[in-house]
Amino acid sequence: MKRHTLGAALAMALLSAASTAVLAHGPGGSHHGASKQEQTDWGIAAERKQARRTIAISMDDKMRFTPDRLQFKQGETVRLLIRNEGKLMHEFVIGTKKELDAHAEMMIKHPGMEHDEPYMAHVAPGQTGEIVWTFNRAGEFDFACLIAGHYQAGMVGKILVEATHGKK
């Protein structure tokens, strides 16, 4: 038992050290505005009143997001309104592919792991959650449902953030 606990503690420490953001799951619900203003590689949390537009996203038990591709301009603040159309719990987590891969692995090993970050929304069946986010870094990012088995079944999407500086 001690060996398992030490191994789990070591794995969590390594994940935290390798990550620019601490990843954790909360019991449910979503974020309504910025709970933490911490810069990540994929942007920063924002307040709802800062959002210039709202994007509706649905997720379902076919392990798919609709739409599964999003595009924003660097510096754009958006409200992502995420509806769970399925009968299973789903989540919407923004990150880099590397971050999501590592986190998905941890979720398989520790399915009861708690999350509560502003770039995550945990949405019960038939409910709607939201994330308000400023995409202040250009690049290609990802979003996914990291509930054990969902990510592996292809419940993923892409975000393209176009650089706005340097354009003539």
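Predicted model: local features only at pLDDT ≥ 70, side-chain atom pairs only at ≥ 80, totals over all residues.

Visitor: In which sense do β9 and β10 pair?

Guide: Strand β9 (residues 139-144) pairs with β10 in the antiparallel sense, over 6 bridges. Here Phe143 has Gly157 of β10 as its bridge partner.

Visitor: Which residues of β4 lie on its covered face, and which on the uncovered one?

Guide: Leu70 and Phe72 make up the covered face of β4, while Arg69, Gln71 and Lys73 make up the uncovered one. In a regular strand, side chains alternate between the two faces of the sheet.

Visitor: Which residues touch the most other members of the largest nonpolar core?

Guide: That core has 36 residues, and those touching the most other members are Leu70, Leu80, Ile82, Phe92, Ile94 and Ile159. Helix α2 (residues 97-109) supplies the largest share of the core, 4 residues.

Visitor: What does Ile159 touch, leaving aside residues up to four places away in sequence?

Guide: Ile159 touches Leu70, Phe72, Ile94, Phe135, Gly139, Glu140, Phe141, Asp142 and Phe143.

Visitor: Why is Glu130 called buried?

Guide: The term applies under 20% relative accessible area. Glu130, in strand β8 (residues 128-135), has 1% relative accessibility and therefore counts as buried.

Visitor: What makes the link between the side chains of Glu130 and Arg48 a polar contact?

Guide: A polar contact requires a pair of N or O atoms within 3.5 Å, one able to donate a hydrogen and the other to accept it. The side chains of Glu130 and Arg48 make such a contact at 2.8 Å. The side chain of Glu130 also makes a polar contact with that of Arg79, at 2.6 Å.

Visitor: Why does Met63 count as buried?

Guide: Met63 has 12% relative accessibility, and the limit is under 20%, so Met63 counts as buried. Met63 is found in the loop between β2 (residues 53-60) and β3. Although Met63 is not a glycine, its phi is positive, about 65 degrees.

Visitor: Which residues does the cis peptide bond join?

Guide: A cis peptide bond joins Thr66 and Pro67, with omega about -5 degrees. Pro67 lies in the loop between β3 (residues 64-66) and β4.

Visitor: How many helices and strands does the protein chain have?

Guide: The protein chain has 2 helices and 10 strands. From the N terminus on, the elements run α-β-β-β-β-β-β-α-β-β-β-β.

Visitor: What share of the protein chain is buried?

Guide: Of its 168 residues, 42% are buried. The protein chain exposes about 8900 Å², of which carbon and sulfur atoms supply 55%. Among contacts between residues at least 6 apart in sequence, 78% join residues at least 24 apart.

Technical notes. Residues numbered from 1 in each chain as written. Heavy atoms only, no water. Core = buried A, V, L, I, M, F, W, Y, C linked by side-chain atoms within 4.5 Å. Buried < 20%, exposed > 50% of the residue type's maximum accessible area, 1.4 Å probe, protein only. Contact = heavy atoms within 4.5 Å. Areas by Shrake-Rupley, 256 points an atom, 1.4 Å probe, with all protein chains shown as cover. Pairing = 2+ DSSP bridges.
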